[in-house]
Amino acid sequence: MSDELKKDVEDNLDTEEVLQDMEDVQEDQELLETAEPIAGSEEAQDGKEPESKADKKAAKKRLKNDKKQDALKEKIEELEDRVKRQMAEFDNFRKRTEKEKTAMFETGAKSVVEKILPVVDNFERGLATVPAEEKNSPFAEGMEMIYKQLISELEKMEVKPIPAVGEEFNPEFHNAVMQVESDEYESGVIAQELQKGYTYRDSVVRHSMVAVVS
C-alpha cells in the first residue's frame, strides 16, 4: 500500500472515530436531560425550585397547628353538646320538681280541707237547730258570722260545695245511699242531700251523700 493511500485510510478512520465520539456524547447528553426530572423532587417535575428545610419545617408546623385547631374545635363542640344536655336535664328536673311540689301541696291542702269539713257540718247542724225566736240573739248571730267567715276562707282556697238537689245523679260527684219516690223530680234526679259534698280545684274532696228518685 502506498503512503498516500495509507494516509487516506488513516484520515478516514480518524474521521469515523470523531463522528462516533460526537454521537456518543450527544446520546449521553440526551440521557442526562431525560434523567434529571426523574431523579429530582416533585418541584423539579413541576418546574419549581425544591423546598428548603425552613419551608418544610414551616409546612410541618402549619400542619401540626391545623391538627391542634381541629382537635380544639371538636373538644369545644363536645363541651357545648354536654352543656346543652345538662341544661335540658336541669329544665326537665325543674319542671318535674315543680309538678311534684304542686301535687304535694294539693294533696296536703285536700287533707286539711277534709279535716275542716266536719267542722263546717257541725256549724250547719248547730245553726239549723237554733229556734226562730233566738236567731237574732247575739250568740246566734256570732255563730252565723263565724260560719260565714269559714265558708269565705274555703272559697278563697277554691273549695266549693257540689250542687245536689235537683241535679241529675252523677257518680263522679254524688254517692247515692237511698232511693225515694218523688212527684217533684223525675227518675234519676237527686231529691235530697244527706251530706254536702265539696270539690277542691275541680277535684272531689268529698262526694255528696244523696237520695235519688227511683
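Predicted model: local features only at pLDDT ≥ 70, side-chain atom pairs only at ≥ 80, totals over all residues.
By partly exposed I mean a relative accessible area between the buried limit, under 20%, and the exposed limit, over 50%. On that scale Arg94, at 33%, is partly exposed.

Helix α3 runs from residue 53 to residue 128 and has 76 residues. From first C-alpha to last, the helix reaches 110 Å, close to the 112 Å expected at 1.5 Å a residue.

Let me turn to the charged side chains. Arg94 meets Glu98 in a salt bridge, 3.4 Å from N to O, and these two residues of α3 are 4 residues apart, about one helical turn. Asp91, Arg94, Lys95 and Glu98 are linked in a network of salt bridges. Like Arg94, its other members count as partly exposed: Asp91 at 24%, Lys95 at 48% and Glu98 at 41%.

Elsewhere in α3, Glu78 pairs with Arg82 in a salt bridge, and these residues too lie 4 residues apart.

Which residues of α3 are buried? They are Ala109, Val113, Leu117, Val120, Asp121, Phe123 and Leu127. Their cover includes helix α4 and strands β1, β3, β4 and β5.

Strand β3 also holds Leu194, which is partly exposed at 40% relative accessibility. Together with Val177 and Met178, Leu194 makes a nonpolar surface patch of about 240 Å².

Conventions
Residues numbered from 1 in each chain as written. Heavy atoms only, no water. Patch = residues over 30% accessible without salt bridge, like charges linked within 9 Å, V, L, I, M, F, W, Y side chains within 5 Å. Areas by Shrake-Rupley, 256 points an atom, 1.4 Å probe, with all protein chains shown as cover. Salt bridge = Lys/Arg side-chain N within 4 Å of Asp/Glu carboxyl O. Buried < 20%, exposed > 50% of the residue type's maximum accessible area, 1.4 Å probe, protein only. Expected span 1.5 Å × (residues − 1). Contact = heavy atoms within 4.5 Å.
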